[in-house]
Amino acid sequence: MLLNYFKTNFRNLFKHKGYSLINISGLAIGMAACLLILLYVHDELSYDNYNEDADRIYRIAFSGHWGGRDFNVCAAPAPMAKVILETYPEIEEAVRFRDQGSFIVQYGDNATKESRIVFTDASFFNIFTVPLLKGDPQTALKEPNTLVLSRKTAQKYFGEENPIGKTLRLDNRTDYKVAGVFEEIPENSHFHYDILLSMESLSDSKNQIWLSMNYPTYIRLHEGTDYKTLEVKFEELIEKYVNPQMTAFMGTSVEEYAEQGEMLTEYFLQPLKSIHLHSNLLGELEPNSDTKYVLIFSAIAFFIIIIAAINFMNLSTACSAGRAKEVGIRKILGSFRKQLVGQFLTESMVLSVISMILALFLVRFTLIPFNKLSSKTLGMTDLSQISMIFIVFVVTIITGFLAGSYPAFFISAFRSVNVLKSSLRTGVKAGWFRNGLVVFQFTASIILIIGTFIVTDQLHFIRNKKLGYDKEQVLILNDTYLLGRQTEAFKNEMLAYPEIVSGTVTNYLPVTPSSRDNSGVFPDGVRDSQRASPMQNWIVDHDYIETMGMNIVEGRDFSREYSTDVDAAIINQAMAKQFGWDRPLEHKVGRVMGLQEGLKLHRVIGVVEDFHYETLRENIGPLVMYLGRSTGSISFRVKTEDMAKTIGLLEKKWKKFLPNAPFSYAFMDERFGAMYQSEQRVGKIFALFAVLAVFIGCLGLFGLAAFMAERRTKEIGIRKVLGATAPGIIRLLMQEFMVLVVIANVIAWPVAYFVMRRWLTDFAYRISIGAWIFVLAGVSTLFIAALTVIYQAARAAFMNPVDSLRFE
């Protein structure tokens with residue numbers, strides 16, 4: 001029986017080559033797109049699963065409310081790890097990280113900038129499943145001035161030599177001994193480091209300050225421990241350690257602030273496996289993803305595979321008249337309906353298997369560009385995992401069943417008497433279900449098109465919004481702390497070149513990555529619980545405002561003519577508004593200098609126009625600038641048409657001052673663009689799969705139009721004999737499909753509006769969704785559908801009526 005099914009199936013495939021090609025190519029492209037998305041989703045959901053104890057590992061985070069502002073930090077105080085290990089028996093291990101930026105690492109004459117470098121405790125290898133290839137995991141990071149290298153980093157510095165015991169110099173100041181080599185941290189980890197420095201090397205790691213959240217801290221719990229119960233116990237730490245220090249810092253009891261709702265603090269735990277998709281706190285080790293994108297891409301995969309399956313359904317039901325006599329004869333000869341259903345489902349399964357084989361080849365050749373688009377490192381080996389093999393199998397079976405189910409039950413239900421009398425009704429008017437499927441196809445495609453337009457429009461808005469500073473033609477020179485006391489001399493020598501307009505020495509920049517300091521500020525130095533607030537405290541120099549292209553809206557800039565400016569401050573408009581200062585130049589700022597030092601008063605000399613120093617997802621917060629020394633980078637505003645020459649001048653000067661240090665620079669506008677990489681990626685993926693969805697839908701529409709034109713050949717001949725014109729016949733054939741596309745637009749518009757409005761709520765500054773977006777999407781789909789159908793309609797309309805009337 002099965003052999004007979006397969007023979008019949010392949011006979012029909014070759015009999016209707018055109019329709020078979022459309023079915024197979026549509027299914028193959030749809031399956032390939034679905035597999036690519038599922039590979040992406042599978043990778044996103046697998047983050048941190050490589051850790052053997054992933055279900056028992058948690059990260060400590062801190063949540064606070066102070067001065068009317070909420071802040072959530074994915075870090076803990078330096079002393080917390082030791083205290084909780086001694087206090088709570090539920091905790092097996094704890095490990096801290098302390099990221100202090102990049103280092104220049106030197107071995108012999110080879111000096112390299114390493115940015116994936118961090119201080120960590122010796123317990124790192126006890127908590128995370130990162131194999132130590134050389135060295136002892138129990139002792140590798142216990143001693144001061146020791147480090148461990150990743151396998152590739154060890155090869156970079158030492159080749160095939162054994163690195164254990166050798167010395168690397170950091171920032172041309174401190175020597176570190178290599179104590180181990182570890183395997184590369186997997187790509188699907190929420191952090192990646194190439195060099196781990198012993199925490200014992202960092203004197204700050206032994207401080208007892210509970211108000212400074214600088215140490216991302218992870219713990220592993222004993223099996224069976226409820227982490228929510230442990231979270232409740234952490235309230236004891238607030239009472240015992242945090243509140244006393246806060247009282248000393250504020251000069252009044254914490255209870256007073258708490259009663260007024262001005263100060264609420266708590267520690268909470270984040271499950272390790274939830275961090276990548278569910279965490280977006282201050283101080284994230286790396287940019288995380290978002291669960292909403294996983295849901296969106298999963299929905300896109302579902303829609304694309306449904307669109308591909310609908311092509312098969314439509315063409316199979318449309319061609320049902322061609323199979324009707326076969327069904328009638330089989331029934332008269334004794335075939336049961338379930339046998340006919342089995343035959344048609346087998347045909348669809350065979351098509352599905354063939355399509356999946358082709359889809360796997362398509363995936364193989366499109367993985368590289370897809371990886372570039374999605375910033376992933378997916379490979380065909382990912383498809384060989386048990387879970388992905390199961391997914392491929394399920395997609396094949398479900399697609400085959402979805403594509404073949406309706407045709408199987410529809411065609412097998414034909415009554416043999418009606419079939420043999422040729423009284424079976426087919427065509428567009430009887431194909432309401434088929435029309436519904438076409439509407440669904442184009443509805444999904446239009447939603448993707450509108451989504452693409454809105455994402456693109458929001459990104460255009462971001463690129464062109466007035467930011468409060470000028471990001472163009474600003475060149476950022478990195479690692480200038482290496483210049484030490486020569487920093488000003490270097491800057492002044494560069495300013496001698498006519499291409500360099502101005503320069504500022506500071507690592508506090510309105511783009512990331514750069515320094516941030518969210519510290520408490522007291523208006524007029526008064527410790528007022530109603531008005532005190534944490535805000536950005538930036539250290540800049542005299543030339544910062546000019547170089548950044550910012551505007552002073554009240555007062556003046558810092559000036560070298562006033563020696564008293566060392567005790568001055570410039571605030572932004574948001575800070576003046578928060579403190580309710582109508583005349584900000586009459587006020588002072590109480591700057592927190594530390595628990596012991598207390599406050600330092602700075603008189604306000606100027607107000608700078610609000611500028612965006614975070615992404616446009618965030619509202620502009622209050623910010624204050626002070627004169628000081630922050631030598632992490634130098635930003636130069638340049639005016640040149642030969643940027644390569646200017647960079648060459650800068651590098652030559654750098655080598656003069658630091659001949660052995662690597663030269664590293666960036667452009668401010670490029671750093672600004674990098675802040676929106678995830679949105680750019682989403683926009684490109686939306687566009688790609690919108691095009692695929694439309695293409696697959698049009699493929700089916702083309703086949704359907706060809707069939708309908710063929711079925712109405714004799715009708716068209718009679719109409720032409722009776723005087724119908726070719727344009728009139730083309731209009732007649734096209735209008736049925738155009739009505740379906742119009743209905744699809746009516747359904748898609750409100751759905752797309754609701755979904756994309758939700759997406760835009762992530763941005764504090766966003767576009768308004770204009771009607772033009774929906775009109776453009778509607779006109780585009782009507783135009784594409786018309787182009788798809790018009791060829792078949794014109795072919796039928798210009799056919800000789802004599803040949804049309806002879807057509808059977």
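Predicted model: local features only at pLDDT ≥ 70, side-chain atom pairs only at ≥ 80, totals over all residues.

A: Residues are numbered from 1 along each chain as its sequence is written, and side-chain values use heavy atoms, with hydrogens and water left out.

Q: How many salt bridges does a search of the whole structure find?
A: A salt bridge is a side-chain nitrogen of Lys or Arg within 4 Å of a carboxyl oxygen of Asp or Glu. The search finds 36 salt bridges. One of them joins D194 and R116 at 3.2 Å, N to O. D194 lies in the loop between β10 and β11 and R116 in the loop between β5 and β6, so the pair ties together parts 78 residues apart in sequence. Strands (E, at least two residues) and helices (H or I, at least four) are DSSP runs, numbered from the N terminus.

Q: Is D194 buried or exposed?
A: Buried means under 20% relative accessible area, exposed over 50%, partly exposed in between (1.4 Å probe, protein chains only). D194 has 13% and counts as buried, whereas R116, at 35%, is partly exposed.

Q: Which residues form the nonpolar patch on the surface?
A: Patch residues have over 30% relative accessible area and no salt bridge; nonpolar side chains (Val, Leu, Ile, Met, Phe, Trp, Tyr) are joined within 5 Å, like charges within 9 Å. Here the patch consists of V739, I743, I747, V751, F754 and V755, with about 480 Å² of accessible area together, by the Shrake-Rupley method with a 1.4 Å probe, only the protein chains shown counting as cover for residues. V751 belongs to helix α24 (residues 726–760) and is partly exposed at 38% relative accessibility.
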